[in-house]
Amino acid sequence: MSTSMWAAAACAGSAAWLTVGRGREARRAWSLFAGGAPEQRHGRYRQWAVAAARGHQEWWCLAAGLLVALLGESVVPLVVGAAGVPLVARVRRAGDARRQRERRGDAVIGLCGTLAGEVRAGRQPGEALRLALYEAADADDGGTGATRSAVLAAARFGGDVPGALREAARQPGAEGLLGLAACWRVAVDRGAGLAAGLDRLEAALRSERDQRNDLRAQLAGARSTAVMLAGLPVLGLLMGSALGAEPLRVLLHTGAGLGCLAVGGVLEGVGVWWALRIVRGAEGR
């Protein structure tokens, strides 16, 4: 086996060791957090452990670029892999933000349902809101602890609850709190039924969420097709290597190969960007 192959194997082994080690540390952290924690907080600690195990995935681009650079005996794949690190990090951050936004939306729906139940049980609106917020504190709310504390303080000390709710609604995913603020103002100031308004608000928010999930499920096929088409060049390189054509040597050590690599990379990036832009546009509408 050549020196480059030994180096590539060592690189792959190191990357695997880092992955296993990070997963072991995440499991250890999860065991420490979950050991003495109440049952209602297990979901939050589990998400922390998963986030710790999934963090910094963008560095796999650099590892893959280093591996291909060693196999192809060229620095070009390493440069491309290093350039892909910030792009993958941006995609990962966008995905984390989307998941956090969805968790906030689910928390608002749950808050409306819990508040409506407390009001029907005969509690006053302020007391019902405090109990509903205390129950929401034991669940994952997508990072709305500070704004929840502001609403709780307003409900406890007779402050401007609708104003606090509108302030909390500025966070992405918590826009449904605007409807809760309107229901609160109409019910408290004019004596209207708060529970009935909350039921209608919860049903509307739940219907909107279900429609969004249904649309995302329908677009999953288009997104998967775009990803599959983006991976076809890699499959072609593997098939060429299996046939003994040495595609890496042609692409990385000849002028025509470098030109084809540059043009193909640009077309590949533009095609993936355009396809995902169409999908995101459909989801936004």
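Student: Which residues of α9 are buried?
Tutor: The model is predicted, and buried here means under 20% relative accessible area. By that cut-off the buried residues of α9 are L194, A195, G197, L198, L201, E202, L205, R209, L219, A226 and G240.

Student: At which residue does α9 bend?
Tutor: α9 has 49 residues and reaches 69 Å from its first C-alpha to its last, close to the 72 Å expected at 1.5 Å a residue. There is still a bend of about 35° in α9, and its place is L219.

Student: Leaving aside neighbours within four places in sequence, what is L129 in contact with?
Tutor: Once neighbours within four places in sequence are left aside, its contacts are L115, V151, A155, V161 and W184.

Student: How are α3 and α4 oriented, roughly parallel or roughly antiparallel?
Tutor: The axes of α3 (residues 59-72) and α4 come within 7 Å and cross at roughly 170°. Residues making the contact include W59 and L62 of α3 and P77 and V88 of α4. Angles over 145 degrees count as roughly antiparallel. The crossing angle therefore makes α3, relative to α4, roughly antiparallel.

Methods: Residues are numbered from 1 along each chain as its sequence is written. This is a predicted model: local features need pLDDT of at least 70, side-chain atom pairs count only at pLDDT 80 or more; totals for chains, interfaces and linings use all residues. Side-chain values use heavy atoms; hydrogens and water are left out. Contact means heavy atoms within 4.5 Å. Helices (H or I, at least four residues) and strands (E, at least two) are DSSP runs, numbered from the N terminus. The expected span of a helix is 1.5 Å times one less than its number of residues. The bend at a residue is the angle between axes fitted to the seven residues ending there and the seven starting there. Buried means under 20% relative accessible area, exposed over 50%, partly exposed in between (1.4 Å probe, protein chains only). Axes are lines fitted to C-alpha atoms, for helices over the stretch in contact, and angles run from 0 to 180 degrees between N-to-C directions. Angles under 35 degrees count as roughly parallel, over 145 as roughly antiparallel, 65 to 115 as roughly perpendicular and the rest as oblique.
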